[in-house]
Each structure stands twice: as structure tokens, then as C-alpha cells.
Amino acid sequence: MSRSRQNNIRGPTSALTEFLRESGITPTTIARRAAQQQPQQDEQAQAGPSTETQQNEEGPSSSRPSRTASRNRRTSGYGSDNLDEDDGEPEPEQDGDDEKAEELEESPAPAKKRKLTKAAEAKLKAQEKKKKGKGKKGSDDEDYEDDDPYTSLSKSMWSSGSSKPPVGSFENCARCEKQFTVTKYTMAANPPPGWLCHVCAKASGQDPFKKPAAPRKRKAPGDKREVIHFVENRLPSLVNMCIKIVTQYIDDVESLGDIGALNVEAIAKAMAKNRSLTPENARLFYNTTNTKLIFYDATNLTSSALESLVYMNPNLTSLRLDFCGQLDDKSFKLFITSLPALQRIELLGPFLVRSPSWKAFARAHPNLEGFLINQSPRFDLECMHALVTYCRGLKALRLREIGRMSDAFLEEIGDLGPEALTYLDLSCPSESCSDTAMITREGCDGKGRRCLMSGDDFAAREEVENCQMEAKK
């Protein structure tokens, strides 16, 4: 910029810009004039019309500065200092006499009232509000009382013209005109005046003895919440994690070792969930010292695998095989000959075992205490007779879902004695036994029985329970 000013080099400008520059009007002069005129306008706005009177009193002396200004205007031909003034007044011509011009200059011009800016008007309004506020501070309360008076009647004046008489005094009822004693429950007549006795108050539909409703307490936010479902996430124990890993990689395990009977049974349950028990990994559960063996799912164990089970566990006293559908007469013969210490057997689904094999099994195990079989369609009355004849110490008997069940089975069971069986399950037969046979047999011989399951014969069950209660008496 300094280099351009020294060389007087300017860019292209419009005709209006060039004209204003020649007349001495530049952006800097306009900004300076605006800065000087703003405080003068504020002072004039605050002073009001007093300044006008002062100017009129001064007369010609106050008009001298304007005379010089007018001379400057005449010489320059353009009044740059009065851009905002209106052009309504014609200026005197320069070619006239000097005396006339001087007379015109010396004559006082009428004072022109300038318009106030928005900022000045806002300041004036704020000052007026402050003056009004100072004068009304002391009378605010009085104004409030005058503006908002409380003129409603009290409850007693609305209900009756006089106040309530003291408790214990006598009054005449406004409706029945009988004398009564005033109590705290006495109610005013509606419409007033007067008071009502208790009988008339109740007849009017009001209950004088009704207690006012207690205000409803707001429940805490914690009480409003309802727990829809709560699941407690527990970390699995180390034993459960080990059992899960062993079950997952059971085919790679060489031996379970000495982990305890409970853990062995837990592994067997875990394997039954996905039917992962096979003839190969079943050997992990075999041991010559085993006295108890449970397989919860023996679906994949073939007849030869069941034979291996008998050979490798000769000292079993309790055996449970669920879903042993591949158990046939060939493998069951080893149960007869190679398990002499067996006292309890529980089989689910031995479909292929025939009647001669059941008879031979009962004859070979006279010390049998528990015989529990499910779904054996080949077990008939002759097998039941052999079981009762040779196994006199039988305490638990389950013949569930036996297709050939009849009343004759109950007669054979009765031959065991009145206090022999402690557990009897004859549920879900193909044809139910008659109520008469069930009541007769159980009522006479079932004194020491702790569990009885007889299927859907509810009437027979009730009669049996009644007979047992009478026998105990």
C-alpha cells in the first residue's frame, strides 16, 4: 500500500467515486465525522429542548460558526459536512450582492429538530422506567393487596350463618326439629342455616362418621420397578469344566483313573446327552472292582459290547441300562451265568429278551431284591410266577408298560407276603387291572408298602390308601 501511495498508482474507479474524492469525501473522513456526530447526538437527546432555547437567546453570536461554514459551502460548491440534511431550502446564488448574502447569513435560521436514533430512544425509555421503579418500590405490597383481594367467605359462613356450637350443647335439628347433643361429627344443614342430627345427616346421603381419605403417598422410583426375569450367572466349577472337556474328547482318553464314583456317573450323564457312548469308550467305565454300573444311554452298545460289559465287571451287585434295545437272549445268558452277586437290575427297553431267559434269570438269582423293567412285551404270567417262586426276598418290583399285565399278575404278587414289597410300580399297562382285584390285593397285603404306582386307576388307588390306613389302625 505504501508503494502505491508514493507512486500515485490507483486502479480503475467509477465516476461517482472520483467525484467524491475530488470533493474531499473519502471513507476515512466519513468514519471520522460519524464518530464525532454520535456523542453530539446523544448529548442533544439528553438535553432536550433546552438547547434550542439557549441557541435562540444567543442570537447572532451563535450563528457565526454557521456563517463560516456557509462561506465554505459557497466556495466549494458542495456541503460535505451536511450530507444527512434535506435539500429543501434553496441556497443563495453566488452572483448576487454581498450585502444580501451577509444579511442572509447573519439572520438566525430556525432550529431544526433532529430525529433520534434507535439507541437513543432505547436509553430514554430505560431511564424513564428506572425513575418510575424508584417511586413505586415502597408501594408494591399495597398495589398487590389492592389488585388481588381475598373476598371469599369462610367455610363456616358458607355452611351456616353462625359458628358451630360447642361440643356437648343441645341444638334443634334443622330438618326434623328434634333436640340432639352436638358432637364433633355434627354437620351443618344444606341449605343453611341450622345443624343436622346424625339420623338426618345420614338420610341426606352424607356419612358424618366417614374418615377423611388419607393422602396417597407417592411411591419411590425403586418400588415401581418390576424385575421381569432374573438370571444368576454362575461360573462353572473346576470339576464341571473338567467333565465337559473329558466328555468332548472322550475318544482320546485312555483311562479315567481314580476320580471317584460320583464323577464317573457325572461323565456318563454328560455322554448320554449327545449319545456319545460307544463300545470303544465304554471300556473306560469298566473295572473288575465295580459293584455298581449305570449307563443312561446304551443305544450304541451292541450285543457283543454288552457281553464285554459282563466279562469286565463280574462283581456287579447293581446294574442299570437305559435304552438297551440291542440286549438279546445271547448276551442276556451271560447276565444269568456271569453275574452271581447281582441283587438289583434295572432295564429300560429289553424288547428282545424272551420268556425262557427271564425264567432262567429268576432261577439263577434267588437273592434278587430289585427287579425293575420297562417296556418288555415278552414278560408273561409264567415269568411272573418264576420270579415270585425263586426270588422270595424281592423288595422292589417294577413292571411298567407290560403288554400282558392282567389280574392274575396281582394274585402272583400277593404270594410274596403282606410286607414283602416296599416299592411296586404297575403303571401304564396295555389293559388296566380291575378295581376289585387291585383293592383286594393291596388292601390285604399292602400294609408295609411305601410306594405304589398303579397307572390311571385313581379310584383303586384311593381305595388302597383307605385300606392301608385302616390296617395301620
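**Entry 1: the chain as a whole.** I counted 20 helices and eleven strands in the protein chain. I note at once that the model is a predicted one. Of the 473 residues of the chain, 28% count as buried. I then looked at contacts between residues at least 6 apart in sequence, and 63% of these join residues at least 24 apart.

**Entry 2: the nonpolar cores.** I looked up the largest nonpolar core and found 64 residues in it. Phe 285, Phe 295, Phe 371, Phe 379, Leu 387, Leu 397 and Leu 399 are the residues with the most contacts inside this core. I took Phe 371 for a closer look and left aside its neighbours within four places in sequence. Its contacts are Ile 345, Trp 358, Phe 361, Phe 379, Leu 387, Leu 394, Ala 396, Leu 397, Arg 398 and Leu 399. Another core, of nine residues, lies apart from the largest one, and among its members are Cys 173, Phe 180, Val 182 and Ala 189.

**Entry 3: an annotated stretch.** I consulted the UniProt record, an unreviewed entry, which annotates residues 167–205 as "domain: DNA repair protein rhp7 treble clef". In the model, the chain over residues 167–205 is 15% helix and 26% strand. The end C-alpha atoms of this stretch are 23 Å apart.

**Entry 4: helix 15 against helix 16.** I examined how helix 15 (residues 329–337) packs with helix 16 (residues 355–364), and found an angle of about 10° with the axes 9 Å apart. Helix 15 is therefore roughly parallel to helix 16. From helix 15, Asp 329, Phe 332, Phe 335 and Ile 336 take part in the contact. They meet Ser 357, Trp 358, Ala 360, Phe 361 and Ala 364 of helix 16. Sorted by class, the contact has seven nonpolar, one polar and one charged residues.

**Entry 5: helices 14 and 17.** I listed the buried residues of helix 14 (residues 303–312) as Ser 303, Ala 305, Leu 306, Glu 307, Leu 309 and Val 310. Their cover includes strand 5, strand 6 and helix 15. In helix 17 (residues 381–390), I found Cys 383, Met 384, Ala 386, Leu 387 and Val 388 buried. The buried residues of helix 17 pack against helix 16, strand 8 (370–374), strand 9 (396–400) and helix 18 (407–414). I recall that an α-helix has 3.6 residues a turn, so residues three or four places apart point the same way.

**Entry 6: Ser 318.** I located Ser 318 in strand 6 (residues 318–322). Is Ser 318 buried or exposed? Its relative accessible area is 18%, so Ser 318 is buried, the cut-off being under 20%. With neighbours within four places in sequence left aside, Ser 318 is in contact with Thr 291, Lys 292, Leu 293, Leu 342 and Arg 344.

**Entry 7: two positive phi values.** Most residues other than glycine have a negative phi. I therefore recorded two residues of the other kind. Arg 275, which is not a glycine, has a positive phi of about 50°. Arg 275 is placed in the loop between helix 13 (261–273) and strand 5 (292–295), and is partly exposed with a relative accessible area of 45%. Gln 375 also has a positive phi, near 60°. I found Gln 375 in the loop between strand 8 and helix 17; with a relative accessible area of 29%, Gln 375 is partly exposed.

Terms used. Residues are numbered from 1 along each chain as its sequence is written. This is a predicted model: local features need pLDDT of at least 70, side-chain atom pairs count only at pLDDT 80 or more; totals for chains, interfaces and linings use all residues. Side-chain values use heavy atoms; hydrogens and water are left out. Axes are lines fitted to C-alpha atoms, for helices over the stretch in contact, and angles run from 0 to 180 degrees between N-to-C directions. Helices (H or I, at least four residues) and strands (E, at least two) are DSSP runs, numbered from the N terminus. Angles under 35 degrees count as roughly parallel, over 145 as roughly antiparallel, 65 to 115 as roughly perpendicular and the rest as oblique. Contact means heavy atoms within 4.5 Å. Ala, Val, Leu, Ile, Met, Phe, Trp, Tyr, Cys and Pro count as nonpolar, Asp, Glu, Lys and Arg as charged, and the others, Gly among them, as polar. A nonpolar core is a set of buried Ala, Val, Leu, Ile, Met, Phe, Trp, Tyr and Cys residues joined through side-chain atoms within 4.5 Å. Buried means under 20% relative accessible area, exposed over 50%, partly exposed in between (1.4 Å probe, protein chains only). UniProt positions are given in the numbering used here, feature names are shortened, and annotations may be inferred rather than shown by experiment.
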